[in-house]
Amino acid sequence: MSTRQRLIGGLVLGLSLVISNISYGATQGSSTSTVDATIVATLVMSLTSASYNMGALPIGTTDKAGAQGVSVQSNVDYNIKIKSDYATMKEYITASAAYATDTTRTLQYPLKSRIGANTFAAITTTEAVVPGAADLEHTGNAATTTNIDYSQQIDYADEALPTTRTHHCVLTFSVYQNALE
């Protein structure tokens, strides 16, 4: 064998070894991945009005239906709670927007709240669930308005006030989401 033939034979053998070591990749494949997420408990609450005037109350029990609405948008079940700044309505001077200090006149019975049927509860200075407003269902995308009715008993022991004064209290509504299960 000539040198040239040996050189060509060596090249052919070397190329065949190189070509046999080339690997080809797949043109398709698949794999899996898991995705987890948690959702933040979210709540938005507002009142349908900032104040409510019960008007001139006659002697006897006076109920005011649909007095105040609590609008809630929540993705978790919730409770509506209420409290008052005083145990009973206290004399208030409308012109100065302040409670009267020259007198101690108050109503003898507390303001009561009601929702739905004939379930009433006194509104006190301690926060409590509004009757019928416990464990309310989450609202979905639309807000849900819960109307809270008021009841105030007036008797002859309750003094009528001059036109510049009213019986007054400040109510604080709170909405709390229930624990997730």
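Strands E9, E10 (165–168) and E11 each put at least two residues into the lining of the largest pocket, with strands being DSSP runs of at least two residues, numbered from the N terminus. E10 gives the largest share of that lining, four residues. This is a predicted model, so to speak of local features takes a pLDDT of at least 70 and side-chain atom pairs count only at pLDDT 80 or more, while totals for chains, interfaces and linings use all residues. Residues are numbered from 1 along each chain as its sequence is written, and side-chain values use heavy atoms, with hydrogens and water left out.

The pocket itself has a volume of about 850 Å³. Here a pocket is an open set of points on a 1 Å grid over the protein atoms alone, where a 1.4 Å probe fits and protein lies on both sides within 12 Å along at least five of seven lines; lining residues have an atom within 4 Å of a point. The volume is the space filled by probe spheres set on the points, which are joined across faces, edges and corners. Of the 29 lining residues, Asn 53, Met 54, Met 89, Thr 166 and His 167 lie nearest the centre. The lining splits into 18 nonpolar, seven polar and four charged residues.

Next comes the core. The largest nonpolar core has 23 residues, and Val 70, Ile 80, Leu 111, Val 130, Ile 148, Tyr 150 and Phe 173 have the most contacts inside it. Such a core is a set of buried Ala, Val, Leu, Ile, Met, Phe, Trp, Tyr and Cys residues joined through side-chain atoms within 4.5 Å; buried means under 20% relative accessible area, exposed over 50%, and partly exposed in between (1.4 Å probe, protein chains only). Val 130 touches Ile 80, Lys 81, Ile 82, Ser 113, Ile 115 and Ile 148, leaving aside residues up to four places away in sequence; contact means heavy atoms within 4.5 Å.

Glu 127 sits in the loop between strand E7 (120–122) and E8 and is partly exposed, at 30% relative accessibility. Its side chain makes polar contacts with the side chains of Ser 174 (2.9 Å) and Tyr 176 (3.0 Å). A polar contact is a pair of N or O atoms within 3.5 Å; within protein, one must be able to donate a hydrogen and the other to accept it, and residues adjacent in sequence count only if both atoms are side-chain atoms.

Terms used: Ala, Val, Leu, Ile, Met, Phe, Trp, Tyr, Cys and Pro count as nonpolar, Asp, Glu, Lys and Arg as charged, and the others, Gly among them, as polar.
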